[in-house]
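Here's a quick briefing to read alongside the model.

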Amino acid sequence: MKRSGLASVLLPSALALLASFFTASTTFATTFYVSNGGSDSNNGTSKTTPWAHVPGMPSATGTAGSYSAVPGDTFILRGCDVWYNSNFPMALSRGGSSGNPVTITVDQTWYNTTSCPSTWNRPIFDANTSSSSSAPMEINGSGGQSSGCVGGNGNYFVAFTASYITLSWVEMRNLYYANDAQNTCWAGNGWWRADSVDYITVSNSYEHAWSMGTYSANKVGDADILVWVDGSPACPHCRLDYNVANNCATTHGSGTLPGGSLDFVNVTHSIFKCMSNAIKPIFAGEIGWNEVTLNGESPDPTVHDNVIETVDAQGNGGVYYIHDNRLHDYYSGEGLQIGNPGETDYVWNNSWYGLLQVGGNGPQVPQSETPVAMYFWNNAIVGWGDCINDASHGYTWSGAFYSQNNLCINSTGSNGSGSPSAKPVTISNNLGLTDAQATADGYAASQAIPFSPASGSSVTVSAGANLTSLWPAGFSTADASLICTQQTVNTVVQSVCSGTPNARPASGAWDIGPYQFGAGSTTSKLLPPTGLKATVQ
C-alpha cells in the first residue's frame, strides 16, 4: 500500500521526537541503592537490585562504574555495610546544582541485618584492607600502601572535585598515615578533601580510630590536616554539621595525640575529642555550637597545638563568626588564636574551662599583624590568668578591639583584656571573679549549663551592656543555652543538641557571660534526632 506524503513526513518526525524524549530521560534525577552485597551490573534502582559500589569508587565496574551522576541524584548506602581500603578514595567528580545536589545518604529502614540484627547503624568506610586485617594501611586507590606519600587524590576516603554534593550518615574509621604528614606529604591525608569546589555538605558523620606513623619535627605547620580545602572557589558555602570526631578509644590523655585539624569553612553542631588540633580554618566562615574537649599535644613537640585557630582570612570577606562553642578539659593548646591580616572576628557566647595542665590556654590575640577588628562579647573564660591575653605573640594591633560582657573566673579575679593599641578600643562590663567567689555564687562546671547564673540575684544578671546595635547581621542575640553533646542513640553515635536559647532584651541591660537568666526563649534550630533514648558519653 502506498503511504501518503503526510505520513511519510510525520512518521520520521514522531520517531525522532520519541528518541529525543528517551535520550533526555536518562538525565533525570534517580535514586540508586548501594550495598556491598550488590552487583555493579544491576540497574541499582531498587533495594533488591543494588549496586556494589558508588560511582567514583575505584573498584566500581559495569553499570555503576560507567555512570555519571546528574543534579538531583541520590545514592542510598545500606546501613551496617562496610567498604574497605580498595574502594577509596571515592572521587566525586560529578556534582549537582542549586537546589538539586548529588546526595550520598542512607535509608534507616534498610540495613544489613547480619551485621546489625536489631537496629540500623551507619554504613562504614574502613581504611583496613579487609575484615580480617588490622594492619594499618594508607589509602591509594588500589588496595593500600604501607608507607610513603600517596599521589592522585591522596590518602583520603572522599575527594570532592565537583560542587553541590551532600554526604551524610557515614562512619569513617582506621585512617592511617605512615608518611611524614607535616613535611613532604603535607595535606595528603585525611577523611575528605575539597578541591576548587563549593556547596559541599557533610553531616551526621562519625570519624574515629585514626592513627599515624613517622613524623618529622619542626617542619611545615602545627599538625596534619584531616579535612583539607584548597583551590578556587575554596568552599565558601561548604558546611560540616552534626559531626562527631572522637579518637579517645584509640589514644587519649596528656601525651602526643595523632590527628590534626579541620581546614573546613563552616563547622557547626559538632563534637571533637582527643585530637592534637581541632578547628584550624584558612577560609573564613562560621564556627558555632561545637564542643571541643580532651585536646592533647601535637605530634611535633617543637610547635604548639590549638583548639580553634584561624590560620588565614581568605574568602567570605575575611569574616569569622565564632560563637556558642564549649572548649573545655583540654591538656594542651591555645583555646583560641585569631586576628590575621585583613581578618574580622566576632567571638560571642563561648566558654573556655577545665584547663587540665600547664599548656592549656585561653584566648590569645592577635594571631598576626594588621587584623581589621575583633569583637569579644559575652564569653566565659575560666582558669586562665587573663580574661583575654593581649599581644602574647608580640604582634602589634590595628583596627578595632571590643571586649564586653565577658565573665572571667581565675585565681586572682582578673578581668583583664590587656592594653591593645587598636583603634578604637572598647573594654567594658567585663566581670572578674576569684574561684572562691564563683563557687560561692553557684558558677561551676558541674552545672547542667556550666557557669550559668543560678538565680536572678547572681552577680552576672543585668550587669552587662546592651550590644544589640553592634551585633552582626543575620545572627541572633540569644544566649548559649543550645548545647551539643556526643550521645549514643539506639546504638548510633551522634551529636545531639538540646536546650532552648534565652532571648536577650532589645533594650535594657544584658547579663554578663554566655547565659541570660530568665529572659524567655527563642526558637532553637531543628535538632536531629527526637524521641529516642540516649546514653550520654
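For sorting residues, Ala, Val, Leu, Ile, Met, Phe, Trp, Tyr, Cys and Pro count as nonpolar, Asp, Glu, Lys and Arg as charged, and the others, Gly among them, as polar. Keep in mind that this is a predicted model, where local features need pLDDT of at least 70, side-chain atom pairs count only at pLDDT 80 or more, and totals for chains, interfaces and linings use all residues. Residues are numbered from 1 along each chain as its sequence is written, and side-chain values use heavy atoms, with hydrogens and water left out.

**The cavity**
- There is 1 cavity of 30 Å³ or more (a cavity is a set of points on a 1 Å grid over the protein atoms alone where a 1.4 Å probe fits but cannot get out).
- The largest cavity has a volume of about 70 Å³, counted as the space filled by probe spheres set on the points, which are joined across faces, edges and corners.
- Its lining (residues with an atom within 4 Å of a point) splits into 6 nonpolar, 4 polar and 2 charged residues.
- Among the lining residues are Trp 289, Asp 324, Arg 326 and Tyr 515.

**The whole protein**
- You'll find 3 helices and 38 strands here (DSSP runs: H or I of at least four residues for helices, E of at least two for strands).
- Of the 537 residues, 56% are buried, meaning under 20% relative accessible area with a 1.4 Å probe, protein chains only.

**Zooming in on Thr 103**
- Thr 103 sits in strand β5, which covers residues 102-111.
- Thr 103 is buried, because its relative accessible area is 15%.
- Beyond its neighbours within four places in sequence, Thr 103 is in contact (heavy atoms within 4.5 Å) with Asp 73, Thr 74, Phe 75 and Thr 166.

Definitions and conventions: On a 1 Å grid over the protein atoms alone, a cavity is a set of points where a 1.4 Å probe fits but cannot get out, and a pocket is an open set with protein on both sides within 12 Å along at least five of seven lines; lining residues have an atom within 4 Å of a point. Buried means under 20% relative accessible area, exposed over 50%, partly exposed in between (1.4 Å probe, protein chains only).
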